[in-house]
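Work through the exercises below with the model open. Try each task before reading its solution.

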Amino acid sequence: MSLDNILKDINNRARLIAVSKNVTQNEVIALYNQGLREFGENRVQELKRKSEILSNLDIKWHFIGRLQSNKINQLISLRPTLWQSCESLEMALEVDKRLNYKLDTLLQINSANEESKQGVDPKDAINIYKEIQNRCKNLNLIGVMSIGAHSDDVDEIKKSFEITKEIFDSLKPHGATICSMGMSGDFKLAIECGSNMIRLGTILYS
Ligand SMILES: *Cc1c(COP(=O)(O)O)cnc(C)c1O
């Protein structure tokens, strides 16, 4: 799908993050030349590699993947624009104690309740969010992130987005402004359900 058509579908309702985890820096440059400025990677090593090679470009990098403990220092040194995938209080504490600046962060929620997915249980999300805010002075929590249910059943995917949106709404009085949900296969539905940040990979390169 062409970027123009995707942007029409988004219609300024959500911030577009281009996920570059499966492509080379050349595809990043191509999208950059079409006007995109925010990119996401799910591995710290690859985030480091691409951000260094492309350091002459004005790119905002997002980290969207599982963070291994032995990669925390490296992630911190890369100063990402947004750490979207904080998945537990424990991980928040680990990152916070090493930070020497304020890092914008999203709490990842496992709204689909899938074993394979990272993120906090929806029923604990609000308490964990507040606890991170109280205990992690260097983490600036500004919202939530979630991956839609891995399913062919639209209602099931929608349900997972609605759960995330409801948590997001409850957290607005606590400073949440970003609701990051929606990928190539479900971004239109995610926006209808209240997402204001989508993370697109495959659809941008096909
Ligand atoms: C890979 C990935 C995406 C993009 O997925 P596509 O289906 O390729 O659009 C979005 N979010 C996260 C967390 C990812 O790992």
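**Exercise 1.** Which side chain has an N or O atom 2.9 Å from a nitrogen atom of the ligand?

Solution. The model is predicted: local features need pLDDT of at least 70, side-chain atom pairs count only at pLDDT 80 or more, and totals for chains, interfaces and linings use all residues. Residues are numbered from 1 along each chain as its sequence is written, and side-chain values use heavy atoms, with hydrogens and water left out. The side chain is that of Arg199.

**Exercise 2.** Describe the shell around the ligand by class.

Solution. List the neighbours (a heavy atom within 4 Å). Among them are Val19, Ile64, Ile147, Met183, Ser184, Leu200 and Gly201. Then sort the shell: 5 residues are nonpolar, 3 polar and 2 charged. Gly counts as polar here.

**Exercise 3.** Is Ala125 buried or exposed?

Solution. Locate Ala125 in helix H6, residues 122-135 (a DSSP run of H or I, at least four residues). Its relative accessibility is 0%, so Ala125 is buried (under 20% relative accessible area; 1.4 Å probe, protein chains only). Finally, go to Ser111, 14 residues away along the chain: the two C-alpha atoms are 9.8 Å apart.

Notes
Polar contact = N/O pair within 3.5 Å; in protein donor to acceptor, adjacent residues only side chain to side chain. Helix = DSSP H or I, 4+ residues; strand = E, 2+ residues; numbered from the N terminus. Buried < 20%, exposed > 50% of the residue type's maximum accessible area, 1.4 Å probe, protein only.
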